[in-house]
Amino acid sequence: MREHVPDDQGMILVLLFVVGNTLVFGLGGVAGPDIWLAFLTATVMALPMILLMARVRSLMQGAALYSGLEQVFGKWPSRGLALVYALYAWRLSCFVVSDVSNFVQAIALPNTPKVVVASILALLMLWAAKEGVEVLARFAVVMSKVVFAVLLVTFILLLSVANPAEFLPVMYDGAKPVFLGAFQLLDFPFLEVVVLFWVFDCFSSKRSPFKVFVPGFLSAALILLVMTSTSLAVVGADRYSVFYFPIWTAVSRINVSTMRLEAIVGVTFAIGSFLKMAVCLLAASRCVTYAFGFSDYRFVVTPLALAVIPGSQWLITTLMEVEKSAIKTYPTSATIYQVVLPVVFWVVAEIRVAKARHQGKGG
Amino acid sequence: MVGLVILVYAAVAAFELWLWAERPWQKVLLYLVLFAGATTLAVLPVLNPDLKVPEPLGFLEKLLKRLWQKGGSV
């Protein structure tokens with residue numbers, strides 16, 4: 001059964017996937033007061049890769065994912081690639097579940113074992129992934145209204161305690177921190193969009209991948225830039241990288257009568273994280289079943305979701321490791337999954353499609 | 001504890017298989033292999049809490065770091 005996601009819904013799914021669980025972490029903290037420059041640099045550096053992914057999908061000429069992949073790359077290379085990305089998507093869902101369970105334990109439920117939170121999350125994402133990408137995209141559209149409203153209110157209220165002088169002097173330490181910050185952002189969250197390549201089954205038209213990936217990514221980058229820069233202006237450039245959750249600290253400084261507003265940031269984190277982990281599980285399930293030659297992916301969702309529970313406890317155990325994984329500067333595995341493999345397969349796809357066109361004209 | 005973990009995973013697998021309308025052997029095989037993997041993953045950290053996370057690309061990272069320190073010359 002082909003699963004079709006309209007362009008506008010797909011765009012929102014991309015947006016919420018990127019914003020996802022990222023908002024609460026001290027992203028790009030190494031750039032200090034130049035964090036906004038790091039975001040702009042990372043966006044410019046990530047954009048070619050996003051365009052490349054959209055181009056590969058558009059080369060499939062509107063075919064469904066599986067048939068399109070076989071058409072462009074051939075049967076066995078595309079199955080091998082799917083297996084590699086199954087592992088990546090599954091690992092990413094483990095990381096997201098670990099982020100959320102550590103966050104919940106640190107902020108709200110210090111005496112609750114992380115495995116309990118992880119099990120509840122696994123059940124939720126199992127349900128969402130079984131419903132499929134169409135339902136997830138519609139859920140993203142409905143929830144985006146809540147997320148945008150919360151972010152807008154938070155942003156306006158943060159302006160009352162923000163100090164723009166925190167961004168000065170510009171590039172005092174040169175370009176190196178800006179680039180280090182940009183590389184941090186590329187790995188997490190910008191180029192994690194590569195997972196979404198495996199989630200969308202078919203698009204409305206040949207141009208649709210561009211209409212889905214590019215505006216979705218750019219809007220998410222803008223939201224993250226605005227919210228992160230505002231948090232830095234509130235907590236201060238020197239203290240931004242000290243906190244595990246700087247935006248949480250920034251929002252706690254807002255005074256509206258006796259109300260505490262941090263929890264509303266938790267709402268966006270919860271919605272985004274849920275969507276991201278469900279999308280990752282869906283991608284992992286689709287990739288595994290495709291690699292083994294099955295058309296239906298739903299029957300492997302349960303074992304993969306149940307593997308996420310121990311995976312999330314094993315791959316990352318403490319809050320310090322969560323922070324380390326969020327702010328690391330481009331590890332080798334990310335380079336391979338997010339840059340090397342997509343570039344190689346884009347080149348192969350262009351050559352094969354050009355050859356096929358040439359043969360078509362010749363014949 | 002290990003026995004309990006295995007029992008829970010086996011019970012979930014058996015229940016879900018029972019719910020399937022059709023059980024083609026290829027699907028059942030992949031399902032059971034994945035479930036066995038999930039169970040192993042759940043049991044290993046219980047047996048050894050200090051179990052290290054495998055780094056299949058660790059050698060590549062070490063090589064790159066060595067090359068970087070030597071300014072590109074091996």
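A salt bridge is taken here as a side-chain nitrogen of Lys or Arg within 4 Å of a carboxyl oxygen of Asp or Glu. The model is predicted: local features need pLDDT of at least 70, side-chain atom pairs count only at pLDDT 80 or more, and totals for chains, interfaces and linings use all residues. Residues are numbered from 1 along each chain as its sequence is written, chains are lettered from A in the order in which they are written, and side-chain values use heavy atoms, without hydrogens and water.

Over all chains, the structure holds 8 salt bridges. Arg286(A) and Asp201(A) form one of them, at 3.0 Å from N to O. This pair links distant parts of the chain, 85 residues apart. Arg286(A) lies in helix H11 of chain A, and Asp201(A) in the loop between helices H7 and H8. Helices are DSSP runs (H or I, at least four residues), numbered from the N terminus. Both residues are buried (under 20% relative accessible area; exposed is over 50%, partly exposed in between; 1.4 Å probe, protein chains only). A network of salt bridges links Glu3(A), Asp201(A), Arg286(A) and Arg298(A). Asp238(A) and Arg239(A) also pair, with closest N and O atoms 3.7 Å apart. Here Asp238(A) is exposed at 56%, and Arg239(A) is partly exposed at 38%.

The rule finds 2 salt bridges across the interface of chain A and chain B. Lys27(B) pairs with Asp296(A) at 3.8 Å. Glu16(B) and Lys130(A) meet at 2.5 Å, N to O. Glu16(B) lies in helix H1 of chain B and Lys130(A) in helix H5 of chain A, so the pair joins two chains. Glu16(B) is buried, at 11% relative accessibility; Lys130(A), at 25%, is partly exposed.

In the interface, 22 residues of chain A are in contact with 22 residues of chain B (heavy atoms within 4.5 Å). The buried area is about 1,900 Å², with carbon and sulfur atoms giving 81%. This is the accessible area (1.4 Å probe) that two parts lose on being put together, summed over both. In chain A, Phe299(A), Trp314(A) and Thr332(A) lose the most area to chain B, together 36% of what that side buries.

Helix H2 of chain B spans residues 25–47. Its buried residues include Leu30(B), Tyr31(B), Leu34(B) and Phe35(B). Their cover includes helices H4, H11 and H12 of chain A, together with helix H1 of chain B.

Conventions
The expected span of a helix is 1.5 Å times one less than its number of residues.
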